[in-house]
Amino acid sequence: MTRQQTQKLAARLITAVAVIVILPIILVVVYVVAKGIGTVNWEFLSQPPRNGMTEGGIFPALLGTIILTFGTAIAAIPLAIGAAIYLAEYAGDNRATRAIRLAIVNLAGIPSIVYGLFGLGMFVLFLNFGTSILAGALTLGLMTLPVVISTAEEAILAVPQEFRVVSLSLGASRWQTIRHQVLPHALPGIITGVILGLGRAAGETAPILFTVAAFYLPELPKSVFSQTMALPYHLYVISTQVPGMPLEIQYGTALVLLFIVLSFTMVATIIRTVMRRRREW
């Protein structure tokens, strides 16, 4: 077999593998959209569930998901970006730094239920926050940290070293160089990692199972120490715990959750594409 034939064969195999991976995802999305689109309207999004959750809408769960995602961003983003700056710009290349990077990579692969159990032990019981928005947001923030740290560090390291050398040679301090030269150029990668991390947090069920999510609440949460409903857990409950639950409500809830998670991915892709086009290096 010639080199050209080998190259064509490899390209076809890679294309076939990509189709095999992507096609089931597309089919699932199309199926959920087709089943749930007839249910989603303003009343479904703005009304609380009624009659044992077999009627009405998903407003409390939708609001709870938005609050938890916002709380996760507050808990995770400053710490993650600070850690990424330290690892990329200040930490030396030694065993301790390599061990920290290895630990971060391993933490990103831990099942989300383990984070839920840790949140139960640390935030709910030990720190006595109870099952609350605060405990849930901190647990989700902890789960999001490894993803954001890794992507932010990669984005910072991708900035050419010449930018730092020129800035320092002109008299700027190290922090001024990071703030005015490194971070602006690394911003597309950092934003992408943050949005993807928040998208994962918005769609997770296990970490909020023991720390914040409620089966049903007659009132909206009043403080960070209140419980709240959340879309992932609400979908789990109405799909498995409520007898006689109409399928259209289940698919409508799944469609809204799917839309939220995919929106994060689409926003991250758009931001990355626009900023890369403006990049001058």
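## A first stop on helix H1

Leu-27 is exposed, with 54% of relative accessible area. Here exposed stands for over 50% relative accessible area, buried for under 20% and partly exposed for what falls in between, using a 1.4 Å probe and protein chains only. Leu-27 belongs to helix H1, which covers residues 3-36. Helices (H or I, at least four residues) and strands (E, at least two) are DSSP runs, numbered from the N terminus. From Leu-27 to Leu-209 there are 182 residues in sequence and 29 Å in space, C-alpha to C-alpha.

A word on the ground rules: this is a predicted model, in which local features need pLDDT of at least 70 and side-chain atom pairs count only at pLDDT 80 or more, while totals for chains, interfaces and linings use all residues. Residues are numbered from 1 along each chain as its sequence is written, and side-chain values use heavy atoms, with hydrogens and water left out.

## The chain as a whole

The chain holds 11 helices and two strands. Read from the N terminus, the order of elements is α-α-β-β-α-α-α-α-α-α-α-α-α. The C-alpha trace spans about 70 × 60 × 35 Å along its principal axes.

Of the 281 residues in the chain, 37% count as buried. Among contacts in the chain with a separation of 6 or more, 74% come from residues 24 or more positions apart; a contact means heavy atoms within 4.5 Å.

Most residues other than glycine have a negative phi. Asn-51, which is not a glycine, has a positive phi of about 50 degrees. For Met-53, again a residue other than glycine, phi is positive and near 70 degrees.

Their surroundings are worth a look too. Asn-51 counts as exposed because its relative accessibility is 53%, whereas Met-53 is buried at a relative accessible area of 6%.

Pro-78 is part of helix H3 (residues 59-90). With a relative accessible area of 54%, Pro-78 is exposed. Its C-alpha is 20 Å from that of Val-267, a residue 189 positions away in sequence.

Helix H4 (residues 95-108) has 14 residues and reaches 20 Å from its first C-alpha to its last, close to the 20 Å expected at 1.5 Å a residue; the expected span is 1.5 Å times one less than the number of residues. Pro-111 lies in the loop between H4 and helix H5 (112-126) and is partly exposed, at 49% relative accessible area. Although Pro-111 and Ala-206 are 95 residues apart along the chain, their C-alpha atoms are separated by 8.9 Å.

Ser-167 is in helix H7 (residues 161-169) and is buried, with a relative accessible area of 11%. Leaving aside residues up to four places away in sequence, Ser-167 touches Ala-172, Thr-177 and Gln-181.

The side chains of Ser-167 and Thr-177 make a polar contact at 2.9 Å. A polar contact is a pair of N or O atoms within 3.5 Å; within protein, one must be able to donate a hydrogen and the other to accept it, and residues adjacent in sequence count only if both atoms are side-chain atoms.

## Helix H8 against helix H11

Helix H8 (residues 174-203) packs with helix H11 (residues 247-278) at an angle of about 175 degrees, their axes 9 Å apart. H8 is therefore roughly antiparallel to H11. Axes are lines fitted to C-alpha atoms, for helices over the stretch in contact, and angles run from 0 to 180 degrees between N-to-C directions; under 35 degrees is roughly parallel, over 145 roughly antiparallel, 65 to 115 roughly perpendicular and the rest oblique. Residues making the contact include Leu-187, Ile-191 and Ile-195 of H8 and Leu-257, Val-261 and Phe-264 of H11. The contact of H8 with H11 involves 15 nonpolar residues, four polar and one charged, where Ala, Val, Leu, Ile, Met, Phe, Trp, Tyr, Cys and Pro count as nonpolar, Asp, Glu, Lys and Arg as charged, and the others, Gly among them, as polar.

Glu-204 is in the loop between H8 and helix H9 (206-209). Glu-204 counts as buried because its relative accessibility is 17%. Not counting residues up to four places away in sequence, Glu-204 touches Ser-112, Leu-140, Met-143 and Pro-232.
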